[in-house]
Amino acid sequence: MHNKIEKVLAQLNSVLLGKTQQTKLALVCLLADGHLLIEDLPGMGKTTLAATLAKTLGLDYQRVQFTSDMLPADIIGVSIFDTQKQLFSFHQGPIFNQVLLADEINRASPKTQSALLEAMEEKQVSVDGTTYPLAKPFFVIATQNPLDQAGTFPLPESQLDRFMMRIELGFPSQQAEMQMLKNDHKEQKVQAIVDVSELQAMQVAVQKVEANDALLDYLLRLIAESRYGGLAVNPLSPRCSKVLLQAAKAMAFINQRSYVIPEDVQAVFVAVTEHRLMGSHQDKSSNGVLSETLLKRIDPLN
Amino acid sequence: MKEFLNRFNLTLIIVCYSAIVLALYEQLHIYVVLFGVLCACWRGAHFFGWIALMPRFLLSAVAIATSALTVGLLYQQGVFNIMLHLIFLGFSLKFLELRSTRDVYFFVNTGFILIALFFIFNTSIVATLVASFLLLLLFAILLSLHAQRLVKNAYLTLLFKSCLLSLPLAIVLFVVMPRLPSLWKMPIQKQATTGLSDTVSPGEIAKLSRSSALAFRATFSDVIAPESERYWRAMTLDNFDGRTWSQSTSLKQEESMAKRGGGRQFYQTKNAEQPKSEYELIIEPHYNYWLPVLDYALTPTGLVSLSDYSLRSDKPVIARQAITVAQTSAVKTQPLTANQIRQFTQLPERKSALGNDRTDAWIAENLSNGLSKESILAQLLNGFSESFRYTLEPPRLGEKQIDDFLFNSQAGFCVHFASSYLYVARRLGFPARMVTGYLGGEWQASEGFFTIRQYDAHAWVEIWRENRWQRVDPTAYVAPERVESGLQAALTDGNEFLADEYFSLQKWQSVELINLLRGRLAQMDYLWARYVVNFDNQSQVKLMQRWLSKIPWLKLAYAVMLVMAIIFAALLLIIFKPWQVNKITIEDKIYLQLQGHFNKQGMKREAGQSVSEYCLLLSKTFLLSDSLCQSFALKYNAIKYQTRQTKGQRKKQIKQLIFISKQLTKR
């Protein structure tokens, strides 16, 4: 199983050069059964990462470009009157794929955003009194532009909370970029390395990773510091602590360990908590600062 | 300068300093007090921001100069005085240079010492109240340093609460702590003696009569001596030079022996009658050696008696002193030796400048008229009661005192009458001596003791007749009410009594409320003196024995130690709360040791750093083996965070961790 993971990571890194940390985090997110939010400037490879990830894991995916005039029906689907059958038949929207690439999610109006985010949490959709389960597994990989760009609607805190992680890609190093330019003419061959059953087995394996009391104590101290530590942050919710543990477990799994250690927690902590700590008062300049403060304040050794 | 002291602190400190200077004002040399005031002014000016603090070098210079000056100034007054002044100087200078919290601690502690010194000079209840106030101020300074944020009410509450809480401990310490002997020899003040002096020339006791200061207090255990019998003997004077009565050389020798602790001891003899009664005296400091007793007293332990049965202490009475005296009437009298007879009939030369020719002539005339010696004395006393007058403000007497008094002024007070009576008696050949002391005393009905004040000072005569000393009080013949109901009654002119003391409470005896108040105050002061000030080693042991008489001493010691240990342990528990401390596991200990090792070499682990991060940094900083460092991190994490491991595995892993750690710290 770990062999496969190595391969998956290798393939991701061959497409997205010099971003091992981010690709690893993205994989962790999917293994932990969480939705992923990628935020960065246009042209940084957000969509590439999302698409490669879906392809590599052998998931069928559909990409939706969010715009401000989009309606909920454009994502969920629409009932159309079938004149032959004299019935309304439901035409599934892109949300019924295993992976939905929601490109530039913050360009859509809040109404559409919330339709998507509801589906993300419930993993089912109700239209005209009928409930349709979504595919399994179901991931949303959303990308968003920084909020200082024109024509964006910021996601409210409650909806940001639905994403397990938010990662930023950042500019590549000069070396990586040069490599990219040299290889530009070559066709990137991305093939599925893992199939759905394998992915699900991995997810189960992640669930089996264990965390002992000492680790949970450390994790909870981090969470408690956000609540009572006197920092000007949005306090972290119990859901967040749950998600944080899950992500840490996935990280431990990727690192081929059957137990979680503080290093795993630290590795995922910024990605998991920063967007929750900051809320919608996003400020590009303070990226990662809040969660790193927390990490510095709480010593793993107690 | 850092503004670490806020305004409130500074105000408190300045107030406290001024209060201590005021309290010690009487004990300090005037220059030193002036210096203290100067310091206060400087600090005050700095407080208002007018001037800067004294620079350090200047302060040091001032310190050296003033210390040298003080030592020079007080060189002759003994170590104690110099120490007191030096401590005060240090206190003042510290006050000037308060810059940090440490300085304030220093200041406050010196203040405590000064308050302790204050008690050496004054132990009355008023002094105690003053000292308590000063203590409270010092505590307030300490508290204000540490409770900067408290508002007024909370601050005061905390202050009083903590003082009250520590009170029981203070009381326990007071009762239990052994009394240590003094470190310094106490000052013996030469001029400042109060009360009776060892010479009497007519005119001196008049000054005393006007002071209402307390001389001593007396409590009788059963039989209370009647007013006309309460002659408190302090000293006898047997030498007369025509002007002044003083002690003869032999008495002075005895006196100086007594100062070294030698002298006679009168004890209860087995077959003699039981002592008449016992009484307790609480004597106010008078800086002299005598102790007033009713005639005659057995010698209490620690004191000595002279041949005239008066009591002496080997130390001057510089603090309130309590003694218990057994009174006795069975005194074995031995006939006087020739030397003694010569001494007790000694008079100045007949025809000298100070010779009292008229008196001598009067005696000779009576003798030639065939009167007996006894009847001449009786006639003299008769004359006193018929034509003499008792006054505290007699006219001045001429060179020939006795002549002038007997035949011209015929007005005077006890000394005049005693002196002239003695003169006549000695001229007639009776051995006689003057006794000075106190007469009577005021009965404090509600409190149950007598107060004897300085205006009760008196002088009378003892005359050797029928082979024993007999008391004769010539004053009783001219003013019997002086003997029976005190000085106030003897003076017909009310203004004469306490003419100097306008504010004396004694003058207001007719006002009921003030009387009551005065009584209460006196009672409190008495109780204070009796139970607190005189609580010495002896009474400590007595008290302990009374309480714990049934417990043997060793057991008691164990019990006290046990109680102390329990209290101590409870305190430790409360402070450290061991049940809340997480147990440090073995792997953490090893990790911490590793950290300690590299901490000494200058690499500290940042808070929040994980093991792997730390180990990576270690290998980079100290060029250690990368894999070794990594394996440490791996092992540590495995031991600490792995969920399923058997005890055997764990032990093995810990061994490996220790091994790795040793490898790492080898260099």
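Me: How many residue pairs are in polar contact across the interface of chain A and chain B?
Reply: There are 10 such residue pairs, both partners at pLDDT 80 or more, where a polar contact is a pair of N or O atoms within 3.5 Å, one able to donate a hydrogen and the other to accept it, and residues adjacent in sequence count only if both atoms are side-chain atoms. This is a predicted model in which local features need pLDDT of at least 70, side-chain atom pairs count only at pLDDT 80 or more, and totals for chains, interfaces and linings use all residues. Side-chain values use heavy atoms, with hydrogens and water left out.

Me: And which helices of chain A each supply at least two residues of the side that touches chain B?
Reply: Those are α9 (213-228), α11 (262-278) and α12 (289-297) of chain A, helices being DSSP runs of H or I with at least four residues and strands runs of E with at least two, numbered from the N terminus. The most comes from α11(A), with 3 residues.

Me: What about salt bridges across the interface of chain A and chain B, how many?
Reply: The rule, a side-chain nitrogen of Lys or Arg within 4 Å of a carboxyl oxygen of Asp or Glu, finds 2 between chain A and chain B. One of them pairs B:Arg644 with A:Glu210, whose closest N and O atoms are 2.3 Å apart.

Me: Switching topic, in what order do the 3 strands of the open sheet in chain B run?
Reply: The order is β6-β9-β8, with antiparallel pairing, and two strands pair if DSSP finds at least two bridges between them.

Me: Why is one side of β6 and of β8 in chain B left without a neighbour?
Reply: Both β6 (290-291) and β8 (304-305) of chain B stand at the edges with a single partner strand each, so one side of each has no neighbour in the sheet.

Notes: Residues are numbered from 1 along each chain as its sequence is written. Chains are lettered from A and ligands numbered from 1 in the order in which they are written.
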